[in-house]
Amino acid sequence: MSIHGKKSLPYIVRKVFEIQHKLYQQHVRMCSTGRLQEALKIEDEQDFPKINDLKAQAEETQYYYPVGKSFKHEPDVGEQFTYSQLRVRLAGPHQLQPKPDADDLQFGKLFTDHMFKAAYHKRLGGWQTPEICPMENLVIHPAAKVLHYAVELFEGMKAFRGVDGKIRLFRPELNMARMNASAQRSGLPSFEPEEFIKCISRLVSIDQEWVPHTESASLYIRPTLIGIEPTLGVASSDSALLYAILSPVGGYFAGKQTGGVSLLADPRFTRSWPGGVGDKKMGSNYAGTIHVQKEATKQGFQQVLWLYGDDHQVTEVGTMNVFVFMINEHGERELITPPLNGLILPGIVRHSILGLARQENQFKVTERKITMHELKKAIYENRVLEMFGAGTACVVSPIERIFYMGENLLIPTMENSDSVWIQMRNTLLDIQYGRVKHPWAIEID
Ligand SMILES: Cc1ncc(COP(=O)(O)O)c(C=O)c1O
C-alpha cells in the first residue's frame, strides 16, 4: 500500500471512507440494551480460539458430515474462491440503516447494511471473485433453476457479542460441512469451508455494530446457495450464487421463561423419508411444512411434532431436533434423541448437547428410535421427565404438551427444578456469550 514510505492515494481514500463509515455506524447505534460488559470476569482472553485456529480444530471434529480436510469436492467443481480475493465495497453513509433496539427484535425481519456474494460459472472455470457489498436486491433470470426446481440450500448460524465485547461464531465449521453436503446433493458447487468462514467473519466485522450489545440477542447469519442457470431442464445448475445476509434477532428466552411449547403430532403428515433429503438444509424441505404449521397454529398449538412411518416414529419438532429425558423400562435415567438415519437434520445444537451430556456422564445418552407408542406409555407411567427441542434459533425450547390422535399428553418439563434442558441451555449460552472459554466459540477479528 505504501509507495516510498508514503501511503498511496487510493489507500488513504479507502481508510477515510472506512473511518467515516464506522463513525456513522456508531452514531446510529441503537442495537443495545445498554448492559454493562463483564469484561473483567474474563482473565486470560488469549485462550479463546480464533478463526485461524479453525483449520486444526476442524481436522479433529467428528460430525455426521465430513468437516475440514476430510471433505472432498466433486472433481469437476473448478476454481475455488479464497478470502484473499475478497473485494469490499462499503455502503455510503446515506445507505446505512438505523439499528433497532434489541428488545424489539423479531426473527428475520431486519437486515444489516452489507452482504456477501460469490458467483459460480462453470464455463468461466468455477468460482468468481467474492465480494462484500451494500445490501441489495438480486437480479436473476425468470428461468433460473432456483425458481422452478427449488435448487436452493441454506444455513442458519449466529454471531454473539460476548460479555467481554468480543464477537464469536459457534462451531461454524459444522455449518459449512452441512452446507457443502447439501450443495453436493443439489448438484451445486461446493466451496472451501474455511475461506467462506473467513469471508463471513469479515462481513460480520464490517457490520459489527449490528451484533446486539446484549446477552438476550444475537446476529443471525443466513448463508445461501442458489442455482441461477437460466435453463428449464431438470439438471445440475452450471451457474450458482452463494450469498450471506445478516439479521439481528432477539433471544428466544429474552425476559422470563413463560412456559413450554405445545405440539401437534398428526401422523397424516411427514417431513422426510428414507433416501430423501431430510438430513440436508434445502429450502424444498420447508415449503411443504408451512401448511401443517398453519394447521397447528389454527388448532392452538405452537409447533408441529414430525412423525414418520406406520409406527409413528418421533423425528423432529418444528425446525428443531427433539430430546426426551425419561426413566427407561430398566429404571435408568436416559436422554434420548432420534438417530441420524437420513430423516433428521444433523443439528449443530443437537450434536453439541450430545457431546456435553456424554462428557458429563450423569445419565445414559442414546441416539435411538422412539415411537409415539413408547413415548405415550412412558408418559402414562409418569416416567417422562422432560422433553425439549434444540436448534440455533432458540438454543433449547421446553415442551409441555403433545396433542396426538385426539389426546393431550402432558409432559412435566417445567416442573423439574433440576432440569436437563435448563442446564444444557445455560451451558450453551455460557459458551456462546464467552462467559466460559471453550473451543466451540470462535472469536472473529
Ligand atoms: C428441520 C430442522 N431440524 C433441526 C434444526 C436444528 O439445527 P441446528 O442445531 O443446526 O440449528 C433445524 C435448524 O436449523 C432445522 O431446520
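How do helix 4 and helix 5 lie to each other: parallel, antiparallel, perpendicular or oblique? The views below start there.

**View 1. Helix 4 meets helix 5 in this predicted model.** Helix 4 spans residues 172-185 and helix 5 spans residues 193-206. Their axes come within 10 Å and cross at roughly 120 degrees. The two helices are therefore oblique to each other. Angles under 35 degrees count as roughly parallel, over 145 as roughly antiparallel, 65 to 115 as roughly perpendicular and the rest as oblique. Pro172, Glu173, Met176, Ala177 and Asn180 of helix 4 touch Pro193, Phe196 and Ile197 of helix 5. By class, this contact has six nonpolar residues, one polar and one charged. Two residues are in contact if their C-beta atoms, placed from the backbone, lie within 7 Å.

*Notes on the model.* Residues are numbered from 1 along each chain as its sequence is written. The model is predicted: local features need pLDDT of at least 70, side-chain atom pairs count only at pLDDT 80 or more, and totals for chains, interfaces and linings use all residues.

**View 2. Helix 8 packs against helix 10.** The axes are 11 Å apart, at an angle of about 105 degrees. Helix 8 and helix 10 are therefore roughly perpendicular to each other. Helix 8 contributes Val349, Ser352, Ile353 and Leu356 to the contact, and helix 10 (residues 420-432) contributes Met424, Thr427 and Leu428. Five of the contact residues are nonpolar, two are polar and none is charged.

**View 3. Lys69 sits in a loop.** The loop runs between helix 2 (54-60) and strand 3 (87-88). Is Lys69 buried or exposed? Lys69 is exposed, because 11 other C-beta atoms lie within 10 Å. The cut-offs are 20 or more such atoms for buried, 12 or fewer for exposed, and partly exposed in between. Glu192 is 123 residues away from Lys69 in sequence, yet their C-alpha atoms are 9.3 Å apart.

**View 4. The whole protein has ten helices and 21 strands.** Helices (H or I, at least four residues) and strands (E, at least two) are DSSP runs, numbered from the N terminus. Of the 445 residues, 41% count as buried.

Definitions and conventions
Axes fitted to C-alpha atoms, helices over the stretch in contact; angles between N-to-C directions. Nonpolar A, V, L, I, M, F, W, Y, C, P; charged D, E, K, R; others polar.
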